Amino acid sequence: MNVFDYRHLGMDATIKKSMREIGGASISFDVPMSQYTTFKVGGNVDAMYRAGNLEELKEMMAFVVDEGIPYLTIGRGSNLLVRDGGLNGLAIIMDGAFTSIEHTTPAEPYIIAGPGLALHKLVDFCTEKGLAGAEFLAGIPGTVGGAVAMNAGSGGEEIEGLIRKVTVLTRSGVVERRDSSTLTFQYRGLDLHRGEIILHARLNLNFDKPASIRKRVTSNIKRRNERFPLDMPSAGSVFKNPDGDHAGRLIDAAGLKGRRVGGAMISPRHANFIVNTGRASASDIVALMDLAREKVREMFNIQLVAEIKVVGKG
Ligand SMILES: Cc1cc2nc3c(=O)[nH]c(=O)nc-3n(C[C@H](O)[C@H](O)[C@H](O)COP(=O)(O)OP(=O)(O)OC[C@H]3O[C@@H](n4cnc5c(N)ncnc54)[C@H](O)[C@@H]3O)c2cc1C
């Protein structure tokens with residue numbers, strides 16, 4: 001969560017009323033984040049806003065910034081661990097006009113996708129239109145916004161390689177278009193200024209036959225189904241791979257596959273996945289992360305760094 005000068009511990013009725021005036025039916029209060037994250041754990045957020053258009057989003061943003069209320073933009077919550085005490089402030093989900101996708105077919109084809117668009121829809125769209133290059137995103141359960149913010153990748157490719165432009169809404173309410181040459185991506189990350197919200201991404205693609213694209217998509221999904229424990233809630237890889245090694249290999253070598261804390265377990269199938277076996281709390285997951293860090297540091301002198309974003313109150 002972006003930590004601003006939050007002057008409201010919990011939201012008082014006046015704040016809620018003003019938010020309702022701006023967001024109407026798109027705003028809800030005391031929403032369980034377990035329903036908005038793929039780990040299916042976490043406490044409540046004070047307010048959740050499904051942003052459907054830019055004008056209203058700007059108004060909501062101006063209000064929360066003015067009031068010193070923190071906010072966090074979320075996609076599918078597939079890279080998020082919300083602590084059991086929940087989130088202060090506002091969670092923003094990009095919906096409505098922010099789930100659009102457009103394409104053009106000049107010599108160099110590209111698409112412009114909204115941040116709320118699910119990656120599987122982007123992949124289906126590209127397959128149908130004969131636009132190649134995004135097949136590596138198949139099976140990643142996030143949105144375009146989350147994928148750009150995380151520089152999502154698979155099989156040696158990252159979304160950075162497709163990005164031509166990203167449009168953001170700054171915390172002061174200005175829409176800025178940034179060319180890829182001015183963006184700093186890293187392994188599983190993009191440098192955004194505090195509180196910036198991704199509004200669109202332009203991705204450059206290539207032409208190919210839909211049947212060939214479909215074949216690569218199917219093969220990527222098959223490979224993922226074989227490797228990953230997709231039958232239980234998780235947030236994908238918990239730790240980033242350290243240089244020249246794999247976090248999963250290190251955690252496995254530390255003897256932690258199958259280790260449980262409460263309802264959370266280090267997957268016996270892929271040691272860099274922590275799965276919720278049914279009744280995990282966020283603190284069970286955090287305890288397993290701490291254990292993995294500690295054992296790997298002890299045995300290999302390597303410091304694991306979290307890939308997932310851990311947010312909220314303990
Ligand atoms: C089973 C499984 C497999 C996975 N496999 C992969 C994989 O192969 N490769 C990979 O890279 N990841 C993988 N992930 C992790 C995750 O799916 C990706 O990181 C994904 O891109 C996150 O998208 P999201 O929409 O769920 O983002 P969220 O988890 O909701 O958010 C992630 C971050 O992005 C920020 N964010 C989201 N939307 C916006 C926006 N519009 N503007 C600004 N910031 C925003 C959030 O604030 C947060 O910091 C996997 C996850 C699961 C559960």
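Is Arg-227 buried or exposed? I will start there and then go through the rest of the model, which is a predicted one.

Arg-227 lies in helix α5, residues 210-227. It has 12 other C-beta atoms within 10 Å, so it counts as exposed.

Now the overall picture. The protein has 314 residues, and 40% of them count as buried. It contains 7 helices and 20 strands. Along the principal axes, the C-alpha atoms fill a box of roughly 55 × 55 × 30 Å. The radius of gyration is 20 Å, and because a compact globule of 314 residues would have a value near 20 Å, the two agree. On contacts: taking those in the protein with a separation of 6 or more, 67% are between residues 24 or more positions apart.

Next, the domains. The assignment gives domain 1 as 13-96, domain 2 as 100-227 and domain 3 as 247-311. The centres of domain 1 and domain 3, over C-alpha atoms, are separated by 29 Å. Their contact involves 12 residues from domain 1 and 10 residues from domain 3. On the domain 1 side, the element that gives the most is strand β4, residues 80-82, with 3 residues. Sorted by class, that side of domain 1 has 7 nonpolar, 2 polar and 3 charged residues.

The largest nonpolar core has 85 residues, and the members that touch the most others are Leu-137 and Ile-285. Helix α7, residues 282-300, supplies the largest share of this core, with 7 residues. What does Ile-285 contact, once its neighbours within four places in sequence are left aside? The list is Phe-39, Val-41, Leu-81, Ala-264, Ile-274 and Ala-280.

Some strands next. Strand β3 covers residues 71-74, and both of its faces are covered. Tyr-71 and Thr-73 are on one side, Leu-72 and Ile-74 are on the other, and all of them are buried.

For an antiparallel case, look at strand β11, residues 163-169, and strand β12, residues 175-179, which pair over 5 bridges. Lys-165 has Asp-179 in β12 as its bridge partner. This hairpin has 5 residues between the strands, and Gly-173 takes a positive phi there, near 90°.

There is also an open sheet of 3 strands, with antiparallel pairing and the order β17-β18-β19. Which strands stand at its edges? They are β17 (260-261) and β19 (274-276); each has a single partner strand, so one side of each is left without a neighbour in the sheet. β17 and strand β18, residues 264-266, are joined by 2 bridges. Here Val-261 stands opposite Ala-264. Ala-264 has come up already, as one of the contacts of Ile-285.

Last, two backbone angles. As background, most residues other than glycine have a negative phi.

Lys-40 is not a glycine, yet it has a positive phi of about 60°. Where is Lys-40 placed? It sits in the loop between β1 (27-32) and β2 (44-51). Lys-40 has 18 other C-beta atoms within 10 Å, so it counts as partly exposed.

Asn-301 is not a glycine either, and its phi is positive at about 55°. Asn-301 is in the loop between α7 and β20, the latter being residues 309-311. How many C-beta neighbours does Asn-301 have inside 10 Å? The count is 7, and therefore Asn-301 is classed as exposed.

To go back to the opening residue: Arg-227 is exposed as well, with its 12 other C-beta atoms within 10 Å. That is the end of the tour.

Note on methods
Residues numbered from 1 in each chain as written. Predicted model: local features only at pLDDT ≥ 70, side-chain atom pairs only at ≥ 80, totals over all residues. Pairing = 2+ DSSP bridges. Helix = DSSP H or I, 4+ residues; strand = E, 2+ residues; numbered from the N terminus. Rg over C-alpha atoms; globule rule 2.2 N^0.38 Å. Buried ≥ 20, exposed ≤ 12 C-beta atoms within 10 Å, placed from the backbone. Contact = placed C-beta atoms within 7 Å. Domains from an automatic or database assignment. Nonpolar A, V, L, I, M, F, W, Y, C, P; charged D, E, K, R; others polar. Core = buried A, V, L, I, M, F, W, Y, C linked by C-beta atoms within 7 Å.
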